[in-house]
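Q: I have a model open and would like to learn how to read it feature by feature. Could we go through it together?

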Amino acid sequence: MTIDSPAGKSPSRGKRADAQRNREAVLAAAAEVFVTSGVDAPIRRIAAEAGVGMATIYRHFPTRADLVTAVYRHQIEACAAAGPDLLEAADTPFDALREWIDLFVAFLVTKHGLADALQSDDDRFAALHDYFLDRLLPVCARLLDAAVEAGDIRPGTEAYELMRGVGNLCIGHGNDPRYDPRRLIALLLQGLRTPRTA
């Protein structure tokens, strides 16, 4: 005879759901902490932000490298998944591209401290850059193609060029409070627009 849990779910399924919620909370908290303190932020602070114990973090992410890698993979996946959704929901493909670039910029800003980690000998970090390109380049290319097909922008811009350009404009954001990369990125995107004839 089996005993059902009060919610009608098996205890193991409930534990798995709790574990997944905890994992998501840790990833979200770590991403926020990394923005302000970099990837070397104390694990204790991340645990406090997530509302979990230190043991929970180490159960999911045994090393700091595991946590850093998971945070950025999670953010890459969210950015990749947003592309098709924006293309479907936005008024025009150009609006979808602009909104996606805004998400991409938000992702880049959270990379504070990751550059040093990527220079390390850890294979997980070495593979992260390739994963970043493999997942996001096709999404950006699809948005660019849709905007070209709609006549919103001129043809000829490569996804890699645009993403690299946006990334370069984001450099130095944390060092100069007067510098707003989003303003320059808006000008960059405006420069892609198809000229309107009178």
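Predicted model: local features only at pLDDT ≥ 70, side-chain atom pairs only at ≥ 80, totals over all residues.

Q: Where is Ala147 located, and is Ala147 buried or exposed?

A: Ala147 lies in helix 7, which covers residues 123-149. Its relative accessibility is 0%, so Ala147 counts as buried, the cut-off being under 20%.

Q: In which helix is confidence lowest, and in which is it highest?

A: Helix 6 (residues 114-118) has the lowest confidence, with a mean of 58, while helix 2 (residues 43-50) has the highest, at 95. There is also a stretch at residues 1-6 where pLDDT stays under 50, and for those residues the model has one contact beyond four places in sequence.

Q: Now the overall picture. How many helices and strands does the protein have?

A: Nine helices and zero strands. Read from the N terminus, the order of elements is therefore α-α-α-α-α-α-α-α-α.

Q: What share of the residues is buried, and what share of the contacts joins residues at least 24 apart?

A: Of the 198 residues in the protein, 35% are buried. As for contacts between residues at least 6 apart in sequence, 67% of them join residues at least 24 apart.

Q: How do I describe a pair of packed helices?

A: Two packed helices are described by the angle between their axes and the distance between the axes. Take helix 4 and helix 5 here: their angle is about 170°, and their axes are 9 Å apart. Since an angle over 145 degrees counts as roughly antiparallel, that is how these two helices are related.

Q: Which residues make the contact between helix 4 and helix 5?

A: Helix 4 contributes Tyr72, Gln75, Ile76, Cys79, Ala82, Gly83, Leu86 and Leu87, and helix 5 contributes Pro93, Ala96, Glu99, Trp100, Leu103, Phe104 and Phe107. Sorted by class, this contact has twelve nonpolar, two polar and one charged residues.

Q: And how does helix 5 pack with helix 9?

A: Helix 5 (residues 93-109) and helix 9 (residues 181-192) pack at about 150°, with 11 Å between their axes. That angle makes helix 5 roughly antiparallel to helix 9. Their crossing is right-handed. On the helix 5 side the contact involves Phe94, Arg98, Ile101, Asp102, Val105 and Ala106, and on the helix 9 side Arg182, Ile185 and Leu189. The class count for this contact is six nonpolar, no polar and three charged residues.

Q: What are the angle and axis distance for helix 8 and helix 9?

A: Helix 8 (residues 159-170) packs with helix 9 at an angle of about 155°, and their axes are 9 Å apart. The two are therefore roughly antiparallel to each other, and helix 8 passes helix 9 in a right-handed crossing. In this contact Leu162, Val166, Leu169 and Cys170 of helix 8 meet Pro181, Leu184, Ile185, Leu188, Leu189 and Leu192 of helix 9. The class count here is ten nonpolar, no polar and no charged residues.

Q: While we are on helix 9, is Gly191 buried, partly exposed or exposed?

A: Gly191, which sits in helix 9, has 39% relative accessibility and so counts as partly exposed. Its C-alpha lies 9.3 Å from that of Arg154, a residue 37 places away in sequence.

Q: Can we finish with a loop residue? Where is Phe61 found?

A: Phe61 is in the loop between helix 3 (54-60) and helix 4 (64-89). With 3% relative accessibility, Phe61 counts as buried.

Q: Which residues is Phe61 in contact with, leaving aside its neighbours within four places in sequence?

A: Those are Arg23, Val26, Leu27, Asp66, Leu67 and Ala70. For Val26, which is 35 residues from Phe61 along the chain, the C-alpha separation is 9.6 Å.

Conventions
Residues numbered from 1 in each chain as written. Heavy atoms only, no water. pLDDT = per-residue confidence, 0-100. Helix = DSSP H or I, 4+ residues; strand = E, 2+ residues; numbered from the N terminus. Contact = heavy atoms within 4.5 Å. Axes fitted to C-alpha atoms, helices over the stretch in contact; angles between N-to-C directions. Parallel < 35°, antiparallel > 145°, perpendicular 65-115°, else oblique. Left-handed = near helix turned anticlockwise from the far one by under 90°. Nonpolar A, V, L, I, M, F, W, Y, C, P; charged D, E, K, R; others polar. Buried < 20%, exposed > 50% of the residue type's maximum accessible area, 1.4 Å probe, protein only.
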